[in-house]
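I opened a notebook for this structure and wrote down each thing as I looked it up. The entries follow the order in which I went through them.

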Amino acid sequence: MDLFELSQNTSQAHRILTLTLEPNDPMRLASLCGQQDENLKLVESRLGVTLRNRGNTFQLAGPGPRVKAAANVVEHLYRETEANELTPDTVHLFLQESGLEALEEDEEALDEGDVLIRTPRALIKPRGHNQQTYVASVREHDINFGVGPAGTGKTYLAVAAAVEALNQQQVRRILLVRPAVEAGERLGFLPGDLAQKIDPYLRPLYDALYEMLGFEQVNKLIERQVIEVAPLAYMRGRTLNNAFIILDESQNTTREQMKMFLTRIGFGSTAVITGDITQVDLPRGNQSGLIQVLDVLKGTAGIGVTHFVAKDVVRHPLVQRIIEAYDAFESAEEEQERAQRERRAQAKREEKDARRDNDEPADA
């Protein structure tokens, strides 16, 4: 059991916390600290605290809420060392899940009920509130939308939920669907059959399937058409019963394509639509079907919508900062464009008023 002891120097603004980790295992402590204390330094830099240790006794100093968050992270990480060797990536994921959100949440709110996805080769635990809400929504609703930036686990968790449903015989097949729209590049003619032509667009889905089922099993299921890949355009005219359907990169659907896809869903089926409305690659002038459908179906019973944000990113820490920087830049651009439109409108009004004044007959 971990023992927390508060120093007498604790204050509301600045807090010093002494944390003793048990059992006192040198190997586990070395894993916790990392090479040249790289894991501890990552906790310090992300949470803005000072972290020192002597053996299994750790002293944390800084603003009260941040110290509390850092203590929770260190405690979680030490428990993790019992079964796994820690890496900086693992530390980053724990910080995403517990550290930063603890600054504004009670300690009880951090300890969310476990939501686990069981697949033949992996037991997957969604990280953080939004991922857990997303998985719970997929299990509860027949149609679900996962909207947010890259790296938040939208597609990966959708594939995991599909594999779990297939493994538990809740559905008979999995359909992987994606619009064949290049991300700002012209790829030209792609040789091969249908599957080979669209494979490049579905690679993230395949990678997740291989991780959860194994390469050979995935290929067998594709041969038996238990797992089917299809471009969105080939969905027209079909009715999909007892299937788990994933529409990935849905921000690149047109309004007509989105309506067509949603009306293909039959009895016993679950559909998950994922996308990032900030990365639309449609030709200029075409409105994204995802952006429209979120307004059209807002508040509709039986449909789940989960919005991810930058703090949910579980890739390299820089990815989160990049997304936040782009969001800030685009918001500033939108504000500038709005101000320019207002200035132009004001200038037109003033010009119109001036013309009207000039056209009025002079007073006698």
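Predicted model: local features only at pLDDT ≥ 70, side-chain atom pairs only at ≥ 80, totals over all residues.

Five of the five residues of strand 10 are buried, so the strand is largely enclosed by the rest of the structure.

I then looked up the partners of strand 10. Strand 8 (173-178) runs parallel to strand 10 and is joined to it by five bridges. L176 has I246 as its bridge partner in strand 10. Strand 11 (270-275) also pairs with strand 10 in the parallel sense, over four bridges. I246 has V272 as its bridge partner in strand 11.

I found six strands in an open sheet, in the order 9-8-10-11-7-12, with parallel pairing. Strand 9 (227-231) and strand 12 are at the edges with a single partner strand each, so one side of each has no neighbour in the sheet. On average, neighbouring strands of this sheet are turned by 15 degrees against each other, with direction ignored.

Strand 7 and strand 12 are parallel and share five bridges. I143 stands opposite I303, which is in strand 12.

**Helix 7**

Which strands does helix 7 lie across? I listed strand 7, strand 8, strand 10 and strand 11, and the helix runs at about 170 degrees to strand 10.

I compared the length of helix 7 (residues 154-167) with what its residue count predicts. At 1.5 Å a residue, its 14 residues should span 20 Å, and the end C-alpha atoms are 20 Å apart, which agrees.

Is helix 7 mostly buried or mostly exposed? I found it mostly covered, with 12 of its 14 residues buried. Among them are K154, T155, E164 and the run from L157 through A158, V159, A160, A161, A162 and V163. After the helix comes Q169, which has a positive phi near 60 degrees.

**Helix 11**

I moved on to helix 11 (residues 289-296), whose buried residues are G289, L290, V293 and L294. They cover an arc of only 135 degrees around the axis, which puts them on the same side of helix 11. The face turned away from that buried side carries D295 and V296, which are exposed.

What do the buried residues of helix 11 pack against? I wrote down strand 7 (143-147), helix 10 (255-262), strand 11 and strand 12 (303-307).

I also looked at the N-terminal end of helix 11. S288 caps it, with a side-chain oxygen 3.2 Å from the backbone nitrogen of L290.

R173 is in strand 8. The C-alpha atoms of R173 and A243 are 5.0 Å apart, though the two are 70 residues apart along the chain. Leaving out residues up to four places away in sequence, I found that R173 touches several others, including L166, Q225, E228, R238, N242 and A243.

Q225 is in the loop between helix 9 (215-223) and strand 9. Its phi is positive, about 60 degrees, although Q225 is not a glycine. Q225 is exposed, with a relative accessible area of 60%.

N242 is in the loop between strand 9 and strand 10. N242 is also a residue other than glycine with a positive phi, here near 50 degrees. N242 is partly exposed, with a relative accessible area of 27%.

P23 is in the loop between strand 2 (14-20) and helix 1 (26-33).

Last, I recorded figures for the protein chain. Its secondary structure comes to 12 helices and 12 strands. Of its 364 residues, 44% are buried. Among contacts between residues at least 6 apart in sequence, 70% join residues at least 24 apart.

How values were computed. Residues numbered from 1 in each chain as written. Heavy atoms only, no water. Helix = DSSP H or I, 4+ residues; strand = E, 2+ residues; numbered from the N terminus. Expected span 1.5 Å × (residues − 1). Buried < 20%, exposed > 50% of the residue type's maximum accessible area, 1.4 Å probe, protein only. Arc of directions from axis to C-beta. Contact = heavy atoms within 4.5 Å. Polar contact = N/O pair within 3.5 Å; in protein donor to acceptor, adjacent residues only side chain to side chain. Pairing = 2+ DSSP bridges. Axes fitted to C-alpha atoms, helices over the stretch in contact; angles between N-to-C directions.
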